[in-house]
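Let's take a walk through this model, ring by ring and helix by helix. Have the structure open and follow along.

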Amino acid sequence: MVGDHPWRKHLGAVVAAIFLLVVAVLLVRYARTLDWDEVTAALTGYGAAQLAAAGVGVAVSYLLYGSYDLAARAYSGHGLSRRRVVLIAFISYAFNLNLGALVGAAGFRYRLYSRSGLDPATIGRIFGFSVVANWTGYALLGGALFALGVVALPPGWELGAAGLRVVGIAMLIAVATYLLGCVVWPRRTWIVRGHSVQLPSFRLALLQVLLSSANWLVIAAILDTLLPAGIPYPTVLGVLLLGAVAAAATHVPAGLGVLEATFLGLLGASIGQAEVLAALLAYRALYYLGPLLVAIALYLGFEARARTGSAAEP
């Protein structure tokens, strides 16, 4: 049989080695872009209670993100344990935030789920479900905030207040259309570029929106905890959502510089640029770097068990 040829086994090993090499190079490059002294100074400027509150928010956010893949488990019908699914989602999310969606959300999901015995079609369904979940919650919250004019754009921004309202209304319409489609055509399959796309049930689609909305709200709460007092929480949430879509559009790993520019442009004049930068450095250390270190250790353990053929849960 074709699948039994030795070259296929060697090709898989070569591809895996290249993937790991790319990840290692990206990690080194990412580490060199950070000013570790500034990160340390930002963290030491906060009290223990403030950092602990932000840390709890980080844990809750990562659990919520892992819930996307748990819901995708019901959508795709695979039988992996919940513990393994949450582990894979955590590792993928940490690498996704720091190295970009192609490496983290796509590459690590494929690597870890295929190591766990899932076929590419099922992995693709999980990945697609997670991506839709993330952005439907974003669209619901962002649409509401932008349509209501909660976020005031600085003078000179090309989009303008009226344009932002229009974008917000369009986002709300998109979410409503998606949910309506899941009511009218649940489990209907379309073929897009040779791949089958199937809408989830309305219950699962609503769960996508609710989990993602909760996650974005928690992320904003982390930033709200680290920023100086006096900024309304809805404003922090709105600025975060603008920064997130700007970072996604530019494809900059970790959104380095993009998120900072958005927060400085919208909040720097009211609370001071130094305070904004300190909060963002602390946020990156807690939400990006800390989980990444844990994810690296977990991933190495995952690979070690896979190489030894251990069936035990990581």
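Start with Arg 284, which lies over the face of Tyr 288, at 5.0 Å from the ring centre. Keep in mind that you're looking at a predicted model.

Now for rings meeting rings. A pair of aromatic rings is described by the distance of the centres and the angle of the planes. Counting rings whose centres lie within 6.5 Å, you get 15 aromatic pairs. Take Tyr 138 and Trp 216: their centres are 5.4 Å apart with 70° between the planes, making the pair edge-to-face. Tyr 138 belongs to helix 6 (residues 120–147) and Trp 216 to helix 8 (residues 202–226), so this contact ties together parts that are 78 residues apart in sequence. Tyr 138 and Trp 216 are both buried.

For another geometry, go to Tyr 283 and Tyr 287. Their ring centres are 5.5 Å apart and their planes sit at 10°; planes under 30 degrees apart count as stacked, so that's what this pair is. Tyr 283 and Tyr 287 are both in helix 11 (residues 273–308), four residues apart, or about one turn of the helix. An α-helix has 3.6 residues a turn, so residues three or four places apart point the same way. Like the previous pair, Tyr 283 and Tyr 287 are both buried.

Ring pairs link Tyr 283 and Tyr 287 into a cluster with Tyr 62, Tyr 65, Tyr 68, Phe 90, Tyr 93 and Tyr 288. That last one is the tyrosine we began with, under Arg 284.

While you're at helix 11, look along its length. With 36 residues at 1.5 Å a residue, helix 11 should span 52 Å, and its end C-alpha atoms are 51 Å apart, which agrees. Helix 11 does bend, though, by about 30° at Ala 285.

Last stop: Gly 243, in helix 9 (residues 233–250). Buried or exposed? Gly 243 has a relative accessible area of 0%, so it counts as buried. And which residues does Gly 243 touch, leaving out those up to four places away in sequence? They are Val 258, Leu 259 and Thr 262. Of these, Val 258 is 15 residues from Gly 243 in sequence, with 6.7 Å between the two in space, C-alpha to C-alpha.

Definitions and conventions: Residues are numbered from 1 along each chain as its sequence is written. This is a predicted model: local features need pLDDT of at least 70, side-chain atom pairs count only at pLDDT 80 or more; totals for chains, interfaces and linings use all residues. Side-chain values use heavy atoms; hydrogens and water are left out. Rings of Phe, Tyr and Trp (its six-membered ring) pair if their centres lie within 6.5 Å; planes under 30 degrees apart count as stacked, over 60 as edge-to-face and the rest as tilted. Helices (H or I, at least four residues) and strands (E, at least two) are DSSP runs, numbered from the N terminus. Buried means under 20% relative accessible area, exposed over 50%, partly exposed in between (1.4 Å probe, protein chains only). A charge sits over a ring if NZ of Lys or CZ of Arg is within 6 Å of the ring centre and within 35 degrees of the ring normal. The expected span of a helix is 1.5 Å times one less than its number of residues. The bend at a residue is the angle between axes fitted to the seven residues ending there and the seven starting there. Contact means heavy atoms within 4.5 Å.
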